[in-house]
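Dear colleague,

I am passing on the structure we spoke of, together with some notes on its strands and on its backbone angles. Please read the notes with the model open beside them.

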Amino acid sequence: MDLTGQILISMPNMLDERFYKTVIYICAHSKEGSMGIIINKSIDHDNYPNLLDLLGIEKSFDNKKILIRYGGPVETGRGLVLHTDDVIQKDSLPIDKGIVLTSTSEIFNDLAKGKGPKISILAIGYTGWNAGQLEHEIKQNSWINLPVESSFIFTEQISNKWEEAYKMLGFDPTSLSQFYG
C-alpha cells in the first residue's frame, strides 16, 4: 500500500481532537513510516503573529498565492512549503502530479522575493507515523484515503474541505458506522 499523493480523511468518530475533521495530504508513505500535511486547518495567528516577518516574507506576493496552514503536531516550529511544481529546487521532494514539498531556506527566500511557486501552502509542523502505525489506524477505522487532484489540495476554501472530501467519496459522513468488520 502506497498512499503517497493521496489524502487521508478522518472518520467522524475520530477521538483525537488534533485530527478531528481533518484532511491530510500524504507527502511520503513507505514501510519505514509516513508523513503528511493537514490541509484544512488554518494557523492561529495569536500563536504566530509575526510568522511571515520571521520568515522574511512580504505580505504582497505579486500574483503568487501563499496559504498558511497548521500542518500537524510534529515539529511545530518548522515550516514546510507544499507547492505547485512550476518551481523545483535541488532538495524538493516531488510527490504527485504537479505537487512538490520543499523545506529549505531557499524556498522561503524565493517566496519573499515573489519568485516562488505559483501556489503554495506554508505549513507549520506536519503529521507523522512510525512504521506500520498509519496502516494500523486505517484498519482501526480512523481514516479513509482518497486520490485527489491538485486543485483540491490548493483551494483557498478550507472550512468545508472535510465535508467536500466525503462528497467526493459519494456519501454522508454522518451515515458511517464507527464499527468495522
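Below are the conventions, followed by what was found.

This is a predicted model, in which local features need pLDDT of at least 70 and side-chain atom pairs count only at pLDDT 80 or more, while totals for chains, interfaces and linings use all residues. Residues are numbered from 1 along each chain as its sequence is written, and side-chain values use heavy atoms, with hydrogens and water left out.

Strand β2 (residues 23-30) has six of its eight residues buried, so it is largely enclosed by the rest of the structure; strands here are DSSP runs of E with at least two residues, helices are runs of H or I with at least four, and both are numbered from the N terminus. Buried means under 20% relative accessible area, exposed means over 50%, and partly exposed lies in between (1.4 Å probe, protein chains only).

On one side of the pairing list, β2 runs antiparallel to strand β1 (residues 6-10) over three bridges, where pairing requires that DSSP finds at least two bridges between two strands. With strand β3 (residues 33-38), β2 pairs in the antiparallel sense over six bridges, and the two form a hairpin with two residues between them. I24 of β2 stands opposite L8 and also opposite I38 in β3.

Two residues other than glycine have positive phi values: E75, near 50 degrees, and N141, near 70 degrees.

With best regards
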